[in-house]
Amino acid sequence: MGEVEDIRLETTRARFANVVKRHAQLTERLSRDSDKMIFERLQKEFEAARASQSQEINLDGEQWNDGLLATVREQVHMEADRKTTSGDANDMPTSHFQEKVTYRVGNKVICCLEGTRIGILYETSFAGEPCELYHCVLESKSFLEKMTVLEHTIPFFLPIREVENDLLSSNAMRFIDHIGELLQAYVDRREQVRLVKELYGNQIGELYHSLPYHMIEFVLEDSDCKVTVSLRYPDLVSVLPTRVKVLAWPMHQYKKSHTSSAGAMGSQPIPARLSYAEDALRTMSLPEAYAEIVLNLQQALQQMFQGGSPC
């Protein structure tokens with residue numbers, strides 16, 4: 001039985017090694033020069049648009065609605081028509097710049113860009129500290145046509161095209177909000193993992209994660225047991241896992257004592273699920289849950305394995 005289990009563990013390690021390799025390849029693709037150039041170009045354009053505004057209006061609750069979005073679309077079309085009529089896009093009176101308005105809705109900034117384009121700037125954060133900026137540019141050719149995503153700096157592993165197909169034509173406001181939720185949740189999960197590695201890296205034997213951090217696996221090496229943690233976030237806007245499994249595997253020292261005490265029954269014990277750890281991971285941030293797990297680990301292991309019978 002021990003040999004079969006060793007084979008299973010090796011298969012699992014090989015599977016995650018392949019995930020890590022793919023992660024490295026995709027990360028390299030994400031950081032190519034073309035992606036950086038798009039970010040820098042859009043960031044400059046957004047900064048110029050905000051610098052030319054007459055005011056930035058903060059919207060709360062019901063103020064952010066379909067009517068407001070229709071107003072923004074009307075503004076970009078009126079400006080585009082005015083430039084077409086004037087015949088010179090660079091020959092614009094100062095008063096027209098002063099009439100521009102930018103809207104802030106939570107972590108989103110919505111502004112009018114050149115042509116018939118609407119820009120959304122997403123500001124992400126973790127624990128009150130700012131993180132990355134992301135851009136999404138929508139093209140509004142006419143009120144009779146649906147808006148489309150023209151370009152963006154959103155990580156390629158987040159499902160922006162699927163969300164565009166599902167929401168943009170039927171509910172553009174919900175599309176804008178949902179992209180913001182996806183980005184903030186991704187950054188939150190990523191930063192939770194970063195913080196755990198920073199605080200407890202010397203206690204963690206192995207740690208693997210998917211690109212969107214919606215699959216996280218790590219191993220906690222204890223003197224008596226190896227604890228494996230598996231987290232799944234089926235909903236990409238979630239910052240807490242909904243599928244959690246924490247298993248405690250008796251280590252060699254315990255197996256030896258267990259074998260001697262069990263006499264002829266020296267088979268390898270079945271791993272035990274740590275229910276208290278699973279509850280903590282479902283309800284706390286990853287760093288908080290990790291601290292809770294370690295604090296109560298010894299007591300939980302004694303209760304589970306005392307007498308050689310896992311729960």
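Analyst: Contact means heavy atoms within 4.5 Å. The structure discussed here is a predicted model.

User: Which residues does Met 173 touch, leaving out those up to four places away in sequence?

Analyst: Met 173 belongs to helix α6, which covers residues 172-200. With a relative accessible area of 19%, Met 173 is buried, because buried means under 20%. Leaving out residues up to four places away in sequence, the contacts of Met 173 are Trp 64, Asn 65, Asp 66 and Leu 69.

User: What distance separates the C-alpha atoms of Met 173 and Leu 69?

Analyst: Leu 69 is one of the residues that Met 173 touches. Along the chain the two are 104 residues apart, yet their C-alpha atoms are separated by 7.1 Å.

User: How many salt bridges does a search of the whole structure find?

Analyst: One of them joins the side chains of Arg 82 and Glu 79, at 3.3 Å from N to O. There is also a network of salt bridges that links Glu 132, Arg 190, Glu 191, Arg 194 and Glu 198. For the whole structure, the search gives a total of 16.

User: Are Arg 82 and Glu 79 buried or exposed?

Analyst: Both residues lie in helix α3 (residues 66-86), 3 residues apart, about one turn of the helix. In an α-helix there are 3.6 residues a turn, so residues three or four places apart point the same way. The relative accessibility of Arg 82 is 18%, and that of Glu 79 is 19%. Since the limit is under 20%, Arg 82 and Glu 79 both count as buried.

User: How many residues apart in sequence are the parts that the pair Glu 217 and Arg 232 ties together?

Analyst: The side chains of Glu 217 and Arg 232 form a salt bridge at 2.6 Å, N to O. Glu 217 is in strand β8 and Arg 232 in strand β9 (residues 225-232), so the pair ties together parts whose separation in sequence is 15 residues.

User: Is Asp 279 buried, partly exposed or exposed?

Analyst: Asp 279 forms a salt bridge with Arg 282, with the closest N and O atoms 3.5 Å apart. The two are about one helical turn apart because they are separated by 3 residues in helix α8 (residues 275-283). Arg 282 has 33% relative accessibility and counts as partly exposed. Asp 279 has 46%, so it also falls between 20% and 50% and counts as partly exposed.

User: How are α8 and α9 oriented to each other, roughly parallel or roughly antiparallel?

Analyst: Two packed helices are described by the angle between their axes and the distance between the axes. The axes of α8 and α9 are 8 Å apart, and the helices pack at an angle of about 170°. Angles over 145 degrees count as roughly antiparallel, and α8 and α9 are therefore roughly antiparallel.

User: On which residue is the kink in helix α9 centred?

Analyst: Helix α9 spans residues 286-305 and has a kink of about 55°.

User: Which residue in the turn between β7 and β8 has a positive phi?

Analyst: β7 (residues 204-209) and β8 (residues 215-221) run antiparallel and are joined by 5 bridges. Leu 207 has Phe 218 as its bridge partner, and His 209 stands opposite Ile 216. The two strands form a hairpin with 5 residues between them, and the turn residue with a positive phi, about 60°, is Tyr 213.

User: How many residues of strand β3 are buried?

Analyst: In a regular strand the side chains alternate between the two faces of the sheet. Lys 108, Ile 110 and Cys 112 point one way from β3, while Val 109, Cys 111 and Leu 113 point the other way, and all are buried. β3 is largely enclosed by the rest of the structure, because the buried count is 6 of 6.

User: Which residue in β4 stands opposite Cys 111?

Analyst: β3 runs antiparallel to β2 (residues 101-105), with 3 bridges, and antiparallel to β4 (residues 117-126), with 6 bridges. On the β4 side, the residue opposite Cys 111 is Gly 119.

Definitions and conventions: Residues are numbered from 1 along each chain as its sequence is written. This is a predicted model: local features need pLDDT of at least 70, side-chain atom pairs count only at pLDDT 80 or more; totals for chains, interfaces and linings use all residues. Side-chain values use heavy atoms; hydrogens and water are left out. Two strands pair if DSSP finds at least two bridges between them. Helices (H or I, at least four residues) and strands (E, at least two) are DSSP runs, numbered from the N terminus. A salt bridge is a side-chain nitrogen of Lys or Arg within 4 Å of a carboxyl oxygen of Asp or Glu. Buried means under 20% relative accessible area, exposed over 50%, partly exposed in between (1.4 Å probe, protein chains only). The bend at a residue is the angle between axes fitted to the seven residues ending there and the seven starting there. Axes are lines fitted to C-alpha atoms, for helices over the stretch in contact, and angles run from 0 to 180 degrees between N-to-C directions. Angles under 35 degrees count as roughly parallel, over 145 as roughly antiparallel, 65 to 115 as roughly perpendicular and the rest as oblique.
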